[in-house]
Every structure is written in structure tokens, then in C-alpha cells.
Amino acid sequence: MTSPERPLRADARRNREALLTAAGELLGERGESVQIEEIAARAGVGVGTLYRHFADKDALIAAIVGRRFAAAADLARAAEENQDADEAFTALLTGYLDSVAGDSAFRRALLGPEEPRWEAIAPEKNAFRDVVARIVERAVRAGVLRPDFGTDDFILITRGVMANMDGDEDWRRHLRLQLEGVRPAPRG
């Protein structure tokens, strides 16, 4: 398996990206029943190349999830720059869900019966969670979220909405209903 500290040669980087893309497509289409050989063939590489990058299918799935969390952390940091706490929270929530709407492999991995090996992607997952926590805390302090809302509630909302992403836009209605539910009750 390739060491994360050592930079990959250009051809190895292309092969790794091709494998991640092929795996994401196939796992998104058919779930974990996809065979390693099918992933390698779709990527245009041999099985040995796949195993040089990933120890097994679990490691490949973890890499797909890790890549999505890394992108989500970038998105969260951009949302955090918004000075308006409500706009920052809304940009984070909707941006994250928009980004995963087309990534059924990621959604299947998160919502499936077995979690990927999170220890392999802990830095990416924790980076995302840290920014989410800061945005949520700021929104609660500003009074735009219920006082009892926490980071775990953000995760519950996103997983609930992801569970309703079935190819149409009804998930957006589900998201609007969720957002209404986490806002503080009007006074009086």
C-alpha cells in the first residue's frame, strides 16, 4: 500500500484517482456486491495496481469517504468565513447536502449497515466535524438555532436527508422541513 507521506508519481496518482472514480461509480450503482476485479477493469488498471493502492475493498471505501470528508471540510471552511451565523450554517448544511446528492457511494457507506474503517480517515472526518462544531456553536450563540442544537444534531439531519435522496428533488423539501424544526420557536 502506498505510504501517505510519500508523494505519488504522476502515473500512480492518475491510477489512484481512476480507481477512486471507478469504485465510486460502481459502489454507488450496486453497493458492496461489486467485485475488486470489476473496479480495476472500470479504472483501466490491473488488480495488482488496485492492491498497491488499497489493501482491500474496505480500504478503498474508506478512501472514497475520506475524499468526500476532505472536500466537505473545505466547503465548511468557506461557509465559516461568512460573518452572518445563519447564512454560514445554511451554506454549510445545503452545500454539504448538495455535494453528496450525486455521490451515492458516499451515502451508501455512511448509511449502510457497516461503517468504513474510520481510523483510516480520522483526520478528514475530524477536520470536517471541527468546523461544523464551530459553525453550529456560533449559530446557537447568535440565536438562529435552538439552544439545545449540537453537532450531533447536524449529523442526524444530514443523514436523515441523505436517506431520502432517491434521485429526485424531494430531499430538498425534507431539508426545508428540518431547517424549520431547528430554528428557535417564535417568542410570544
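When I say that two residues touch, or are in contact, I mean that they have heavy atoms within 4.5 Å of each other. Please also keep in mind that what we are looking at is a predicted model.

I36 lies in helix α2, which covers residues 36-43, and its relative accessible area is 7%. Because buried means under 20% relative accessible area, I36 counts as buried.

The buried residues of α2 are I36, I39, A40 and A43. Seen down the axis of α2, these buried residues fall within an arc of 95 degrees, so they line one face of the helix. And what covers them? The cover includes α1, residues 10-30, together with α3, residues 47-53, and α4, residues 57-80. After α2 comes G44, whose phi is positive, near 80 degrees.

Finally, let us turn to the whole protein, which has 9 helices and 0 strands, and of whose 188 residues 39% count as buried. Along its principal axes, the C-alpha trace spans about 65 × 35 × 25 Å. If we take the contacts between residues at least 6 apart in sequence, 69% of them join residues at least 24 apart. As for the surface, the protein exposes about 10300 Å², of which carbon and sulfur atoms supply 49%.

Notes. Residues are numbered from 1 along each chain as its sequence is written. This is a predicted model: local features need pLDDT of at least 70, side-chain atom pairs count only at pLDDT 80 or more; totals for chains, interfaces and linings use all residues. Side-chain values use heavy atoms; hydrogens and water are left out. Helices (H or I, at least four residues) and strands (E, at least two) are DSSP runs, numbered from the N terminus. Buried means under 20% relative accessible area, exposed over 50%, partly exposed in between (1.4 Å probe, protein chains only). The arc is that of the directions from the helix axis to the C-beta atoms. Accessible areas come from the Shrake-Rupley method with a 1.4 Å probe; for residues, only the protein chains shown count as cover.
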